[in-house]
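Q: Hi, could we go through this model together? I'd like to start with the overall fold and then look at a pocket.

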Amino acid sequence: MSSLLSNIRKQTADLPAQHLANLDEVETIRIESGALSDIAGFLEQKGWTSVVLVADRHTYERAGKQLEELLVRASLQVQVTLLHPDVKDDVIADEASLIQVILGIQQSKAGAVLAVGGGTIHDISRYAAYTAGLPFVSVPTAASVDGFTSKGAPIIVRGEKKTIPAIGPSAIFADVDILMQAPAPLTAAGFGDMLGKYTSLFDWKFGSLIADEPYLDRAADITAAALRKCVDAAGMIAGRTEEGIRILMEALIESGLAMLLFGQSHPASGSEHHLSHYWEMEFIRLGKKQLLHGAKVGAACIEISRLYHAIKEEGLEIRAGRFGETGTKAEQEADRIRHRVSEHWSDIRLLLEQIPSPAELSELMRSVGGPASVSELPISGELLQRSLREAHHVRSSRKTLLHIYNEYVR
């Protein structure tokens with residue numbers, strides 16, 4: 001077990017069992033140089049002598065080939081499944097990719113699945129492993145997302161993206177030597193995914209105050225500490241130093257563990273992620289090449305900060321009913337929201353002041369080589385404005401400030 005995992009468990013040992021169950025499924029985390037060489041020993045210890053190694057052609061060259069050689073040298077049987085890209089050269093978590101991995105599992109009679117790559121490869125691998133009743137091991141090749149520990153898999157089914165329950169990793173082996181060699185935009189995307197915590201943490205607390213959404217202080221504290229650590233190391237991350245990349249990867253994993261602890265994505269996903277998902281679904285609908293998740297989240301966080309700071313100055317004046325409705329139920333709901341906003345406005349305003357300004361967030365993204373605004377991404381002004389009006393429907397059950405603003409103010 002890594003010191004990171006040990007520290008998280010010490011911080012949370014007194015929490016009720018339902019919060020610790022997901023965390024306990026992760027047996028070990030290695031974030032260090034040479035971590036790739038530890039995988040064979042872990043597999044042997046677990047008795048998983050036959051495995052499916054899932055990668056694409058890029059991640060196979062970066063890490064998969066070396067890992068395959070290490071495993072074969074340890075007399076383990078390895079079935080390599082190289083995921084095929086689509087016509088836009090994107091590897092997609094869709095039915096075709098899932099069938100490709102499931103067939104590899106069936107042909108090899110594997111005892112475990114190794115995901116060697118980024119977020120999409122992990123989503124495909126965790127759901128295929130879950131479907132086959134097998135464990136899976138995470139081998140990130142870039143510090144690009146915080147979803148390596150996730151137990152949900154965003155899968156595209158007949159062109160529509162759905163998050164489906166899956167399985168979390170039994171272990172994570174993040175070799176810093178490999179992470180340092182990842183393309184710079186992937187590292188910048190990981191930093192952008194972390195910056196999104198500024199607004200996700202606000203939205204989570206806001207939802208608890210306004211709509212009694214469940215809240216767990218310990219998970220929020222872990223996420224906030226990971227975010228601070230990441231921002232403080234922005235210079236080292238920009239320089240892609242060994243220490244900077246290790247800190248970024250640790251922060252991403254800690255964010256993922258906080259989600260496992262809470263049992264849902266609230267600590268790390270708010271309105272900024274809803275904008276990102278809205279853009280992604282639009283790109284899928286139009287058949288356009290996808291953008292990096294963290295790049296979208298970082299840019300979306302800047303736009304949400306802009307809107308939220310404007311709301312902080314203007315206040316929240318709740319309308320009598322939703323979309324002009326005058327029915328009793330609608331009016332009662334609006335009255336309840338109005339009362340909660342009035343009751344907690346001073347706290348809400350204080351929380352809003354803690355979100356960095358759009359200029360500060362832009363400078364942080366620019367410092368690591370990421371997009372410093374939505375205008376630096378192929379996202380039109382029309383799509384941005386439409387997403388600011390409609391993206392809260394992506395997760396309509398979440399009462400983010402964006403949701404309340406669109407449903408009861410705008």
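**Contacts, fold and a pocket**

A: Of the contacts (heavy atoms within 4.5 Å) between residues at least 6 apart in sequence, 76% join residues at least 24 apart. This is a predicted model, where local features need pLDDT of at least 70 and side-chain atom pairs count only at pLDDT 80 or more, while totals for chains, interfaces and linings use all residues. Residues are numbered from 1 along each chain as its sequence is written, and side-chain values use heavy atoms, with hydrogens and water left out.

Q: Thanks! How many helices and strands are there in the protein?

A: The protein has 18 helices and 8 strands, taken as DSSP runs (H or I, at least four residues, for helices; E, at least two, for strands) and numbered from the N terminus.

Q: And what does the C-alpha trace span along its principal axes?

A: About 70 × 45 × 40 Å.

Q: OK, what share of the residues counts as buried?

A: Of the 410 residues, 57% are buried, meaning under 20% relative accessible area with a 1.4 Å probe, protein chains only.

Q: Switching topic: which residues lie nearest the centre of the second largest pocket?

A: Leu-201, Phe-202, Ala-224, Leu-351 and Gln-354, out of 14 lining residues. The elements giving two or more residues to that lining are α9 (197–211) and α10 (217–232). A pocket here is an open set of points on a 1 Å grid over the protein atoms alone, where a 1.4 Å probe fits, with protein on both sides within 12 Å along at least five of seven lines; lining residues have an atom within 4 Å of a point.

Note on methods: Buried means under 20% relative accessible area, exposed over 50%, partly exposed in between (1.4 Å probe, protein chains only).
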